[in-house]
Structure formats: structure tokens, C-alpha cells
Amino acid sequence: MYAFVVSVALACLAQVVHSSPDFGIQASVAGKDAVLEWALVAKTNFLRVDDYIMPAQKSDIGKLGDAAIILSGIALQVNNLGPALIDTITTATDDDSGDIAGAYAQINFARIMFEDYISNTLLVQIQSIEALLGFHIRDQLNDDFFHITARLVKLNETLVTLQKAVEDAQAAAGGGIVSNDLVKQFVTPDLVAQLARHLGLLAHRIPVLIYTLTSSLENIQQADDYFYGLMEDTTRVLDEIGQTASDFYNDAMAYSTEVETAMNNLIDNYEDDFTRATATAQTLNVADLTTAISGFSTVRDTKLDAKLQEYMALYQSKIDELSKLLPIETNFFFDTNEHPAGVLVDVLIANGPWSRFCFWKYSAVLHNLLLVSNYASECLDRELDRLQTLQEALLIEIELIEFDLEIIDPYSTACSFVPAGATSRTAECANALSSYFLTMSNAYDTKLAAFVKLAEIELKAAKERLSVCWMTRMQQSFVAFQNIVGDIVACGESGPLA
């Protein structure tokens with residue numbers, strides 16, 4: 001921004017050198033070129049004070065934006081008042097009108113405006129900055145402007161002496177042209193060199209202020225980026241947990257679908273077997289056998305489906321609950337204004353001697369502690385393995401049920417093959433089967449209840465395990481959080497020695 005200003009000023013300097021400016025009198029003054037050179041350096045440095053472009057704030061931390069506005073306001077004021085003062089000095093240096101009082105009055109006005117800002121508005125701005133960022137930046141700004149003020153005082157004293165010398169030379173000329181001898185008598189080279197020296201000292205002090213303002217604004221921007229990044233990563237983590245939960249739900253329900261399919265196949269596959277078994281019982285004309293087979297048919301036609309629906313309703317509701325369980329709200333018991341991320345940002349924007357060191361030391365640590373997406377995935381993946389084991393157990397139970405169903409038809413027909421000489425034992429055979437089938441049929445209520453109960457117990461245990469898994473991982477973070485705030489604060493105060 002200031003490169004163009006510098007080139008223009010250099011061109012002006014070349015013109016000024018050839019026009020022999022003389023501090024309000026029509027005579028050449030030795031050493032004025034050095035004054036112009038240091039005036040150019042001072043103006044260039046003043047113009048660089050407001051050279052930092054602060055990006056738009058992305059996070060919602062209010063004090064970052066407030067502090068940036070105040071610091072940018074300080075930079076803008078100095079950027080305006082400093083060059084204005086230097087311009088009046090170079091203008092006076094190039095003034096040969098003879099209106100000495102008028103030329104130096106402009107310098108005094110610009111200087112008073114600058115000093116008035118430092119004595120009044122700046123104090124309020126520094127108080128506001130201290131309230132937002134702490135005492136480090138307050139002390140830095142006070143020190144910077146203390147030295148700038150001291151340079152302005154010395155510059156003013158020299159200008160007052162120079163004005164008096166020029167006026168004395170003009171008075172000695174009696175209203176005529178001031179001769180070179182009078183200039184040498186009253187405006188000494190040492191006096192002009194002193195003016196150049198104080199302009200140089202002022203010019204060299206401005207970069208320190210530039211560093212204070214720029215480093216503070218950079219820290220604010222970095223803090224803003226860090227917090228915004230945390231916010232975006234938090235959203236990403238929540239999305240990842242949501243996706244993990246969705247995947248968990250789909251995979252877990254797929255296990256249940258296999259169980260549902262196996263049970264429905266069981267119901268459908270033995271419909272013809274029961275029809276034949278019923279017909280056999282009616283042919284044998286043994287009422288107890290007909291009743292026993294009818295009881296088994298009721299198990300197949302009604303009870304299996306009823307228990308399947310009960311299991312499916314239980315399983316679906318519990319899996320839905322498990323998929324929404326994480327993340328479990330965890331309270332790390334942070335006191336007000338002592339959240340570690342907030343404390344770390346405060347250390348950074350304080351612009352202390354160890355601010356950036358501490359920020360880089362702890363920023364990644366906090367990022368990893370605060371974002372725990374892998375915890376949900378790890379815990380849910382473990383439960384998927386256990387739910388697959390539940391699926392396998394339920395499929396085995398269905399196989400055991402099938403063992404009972406598949407014998408109904410062949411066992412029923414066994415009594416039809418009693419030898420012709422032992423037909424009297426057909427009824428005995430049928431009654432024995434009736435008793436056997438009835439016992440098996442009556443046991444089904446317990447078996448089917450156990451089918452649902454197994455799922456219920458395992459799903460309840462899954463919820464407990466998920467809670468323990470999550471809290472165990474969070475406890476690891478909690479242990480790390482217990483001392484981290486104190487460590488960050490101590491780092492901000494003592495750096496590597498903390």
C-alpha cells in the first residue's frame with residue numbers, strides 16, 4: 001500500500017533538493033537534505049502502521065471482533081496523524097515565503113492534534129484493550145506511545161529552537177533578503193542535524209508500534225481461525241457420529257432381518273408337513289394324536305409369528321435407542337470462563353512473551369481432547385460384533401425349533417406301518433406319539449419366551465456397555481482436562497519454565 005507513496009515521495013524529494021528549501025527564509029540552509037530524508041522514512045513508517053488487513057471474523061467470540069476494531073482504530077489514527085505531522089514539517093522546510101509564524105503554526109497544530117489523541121482518545125482505547133486482552137498489550141502500547149511522545153517532545157523543542165533561529169536571522173536582515181552569512185550565524189548545522197536526528201529517532205520507533213499492532217491483530221485472527229475451526233470440526237464430528245449411528249442402525253437391523261427371514265421360512269416350510277400329519281391322525285382315528293398335532297400346528301401358525309413380531313418390535317426399538325445414545329452429555333465441571341479452549345485463546349490474544357509458544361504447545365492437544373468422533377465409532381463397532389453373536393444364537397434357537405417341527409410328519413406316519421399281525425398296537429403307538437407331541441408342544445411357550453428374553457437381555461447389556469465404553473473414553477479426557485487449564489495459564493506466565 002505504501003510502495004506507491006514511497007516512490008512519489010522520493011520524486012518529491014528530488015524536486016525539493018533542487019529547489020533549495022530553507023525553513024521559511026529565502027536562503028539555503030545546510031543539512032536540510034538529511035531532514036527530508038528522515039522525514040520520508042518517518043512518513044513511510046507511519047503509513048505502514050495501518051497496513052495490516054484484518055479478515056472478516058468467522059467465529060462468534062465477541063471480544064475478538066471488538067479488540068480488532070479498537071486496534072485497527074489505533075492504527076488508522078496513527079496512519080492519519082503521523083503523516084499529517086510529517087507533511088507540515090516538509091512543507092515548512094520548503095517554505096520561502098517569509099511567513100515564518102504561519103509555517104510553524106501548521107506544524108504545531110498537527111503536533112497538538114497527534115499529542116491530543118495520545119493523551120485522550122488513545123487512553124480510552126488502551127483501557128478497552130486491557131479489558132478485552134489483558135495487561136501485556138496495555139503495557140506494550142503504553143511503552144510504544146511513551147517513546148513516540150518523547151520523540152515528539154524532542155522534535156517540538158528542536159522545531160521551537162529552529163523557528164527562533166530563523167526569526168532571528170530574518171530580523172537581523174532588517175526585512176531584506178537573509179544572506180548566507182546570517183543563515184550560518186543563526187541556523188547552525190548542528191541545529192538542523194538535531195532536527196534530522198529526532199526525525200530519525202521517531203522514524204525508528206514506529207516499527208515497534210507496527211509490530212505491537214500487527215502481532216496483536218495476527219493473534220486475534222489466529223484465535224478466530226482456531227475457534228472457527230473447532231466449530232467446524234465439532235459439526236463434522238457430530239455429523240460423523242450421526243453417520244456412525246446410522247450405519248450402526250442399518251447393520252444391526254440387517255442382523256435382525258436374517259433372523260426374521262429364518263423364522264418366516266420355518267413357518268412356511270412346514271405347512272404341508274402339518275397338513276399331512278393332521279390327515280394321518282384323522283386316518284388313525286386317535287383323538288389325542290389329532291389334538292397333539294393341532295397343538296403343534298397352533299405353535300407353527302400362531303405362536304411362532306407372534307413371538308417373531310414381539311422380538312422384532314423389541315429389537316427395532318432397542319437398536320433405535322442404541323443408535324441415538326451417543327454422544328452422552330458429559331460435564332467436565334469447568335468453572336465459569338475456565339473452559340480450556342477459551343483460556344488458551346485468552347493466552348494467545350494477550351500478546352504476552354510466551355503467547356504463541358503456549359498456543360502451539362496446547363492447541364493440537366485441546367483439539368484432540370475436545371473432538372472425540374473415534375470414540376463413538378469404536379464403541380458402536382464393538383456392539384455390532386456382539387449383536388452379530390446374538391444373531392447367531394437366535395438362528396441356532398430357530399434351528400432347534402425346526403428339529404421339533406421336522407419330525408411331526410414322519411413320526412405321525414410311523415404308526416401306519418405297524419405289521420398286520422399287530423394292528424392292536426396301532427392305537428398304543430398313536431397314544432405314545434400323542435403324549436410325546438403334547439409334551440413338546442407345551443414346552444414351546446418356555447422356548448419361545450426364552451427366544452425373546454435372550455434378545456432383551458443382550459440389548460439391555462449393549463446399552464450398558466455402550467455407556468461404559470463412552471464414559472471410559474471420556475474419563476481419559478477428563479483426567480487430561482483436570483490440570484490443563486492451570487498448565488496453560490502457567491505456560492502463559494513462564495513459558496517453557498512452567
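1. The lining of the largest cavity divides into four nonpolar, three polar and no charged residues, where Ala, Val, Leu, Ile, Met, Phe, Trp, Tyr, Cys and Pro count as nonpolar, Asp, Glu, Lys and Arg as charged, and the others, Gly among them, as polar. The residues concerned are Tyr104, Ile107, Asn108, Asn156, Leu159, Val160 and Gln163. H4 and H6 are the elements that give two or more residues to this lining, and H6 gives the most, with four residues. A cavity here is a set of points, on a 1 Å grid over the protein atoms alone, where a 1.4 Å probe fits but cannot get out, and lining residues have an atom within 4 Å of a point.

2. On the basis of the work: this is a predicted model, in which local features need pLDDT of at least 70 and side-chain atom pairs count only at pLDDT 80 or more, while totals for chains, interfaces and linings use all residues. Residues are numbered from 1 along each chain as its sequence is written, and side-chain values use heavy atoms, with hydrogens and water left out.

3. On the volume of that cavity, the figure is about 30 Å³, and the structure holds one cavity of 30 Å³ or more. Grid points are joined across faces, edges and corners, and a volume is the space filled by probe spheres set on the points.

4. On the overall fold, the chain has 15 helices and zero strands, taken as DSSP runs numbered from the N terminus (helices H or I, at least four residues; strands E, at least two). Of its 498 residues, 43% count as buried, a class that means under 20% relative accessible area, with exposed over 50% and partly exposed in between (1.4 Å probe, protein chains only). Among contacts (heavy atoms within 4.5 Å) between residues at least 6 apart in sequence, 87% join residues at least 24 apart.

5. The second largest pocket deserves a separate comment; a pocket is an open set of points with protein on both sides within 12 Å along at least five of seven lines. About 370 Å³ of space lies in the second largest pocket, and its lining counts 17 residues, with Leu133, His136, Asp346, Val347 and Ala350 lying nearest its centre. Two or more lining residues come from each of helix H5 (121–133), helix H6 (135–172), helix H11 (340–349) and helix H15 (425–494), and the largest share, four residues, is that of H11. By class, this lining has nine nonpolar, five polar and three charged residues. Domain 1 (1–187) and domain 2 (229–494) each supply at least three residues to it, the domain bounds coming from an automatic or database domain assignment.

6. How do helix H4 (residues 100–119) and H5 cross? Their axes come within 3 Å, at an angle of roughly 30°; the axes are lines fitted to C-alpha atoms, for helices over the stretch in contact, and angles run from 0 to 180 degrees between N-to-C directions. Asp116, Tyr117, Ile118 and Ser119 of H4 meet Thr121, Leu122, Leu123 and Gln125 of H5, and this contact has four nonpolar, three polar and one charged residues.

7. Leaving aside residues up to four places away in sequence, Phe114 touches Phe46, Val78, Leu81, Gly82, Leu85, Ile148 and Leu152. With Leu152 the C-alpha to C-alpha separation is 9.1 Å, across 38 residues of sequence.

8. Two asparagines with positive phi may be worth a look by eye. Asn285 has phi near 60°, a positive value in a residue other than glycine, and lies in the loop between helix H9 (271–284) and helix H10 (287–323); with a relative accessible area of 67%, Asn285 is exposed. Asn351 has a positive phi of about 60° although it is not a glycine, and is placed in the loop between H11 and helix H12 (355–370); Asn351 counts as buried, at 10% relative accessibility.
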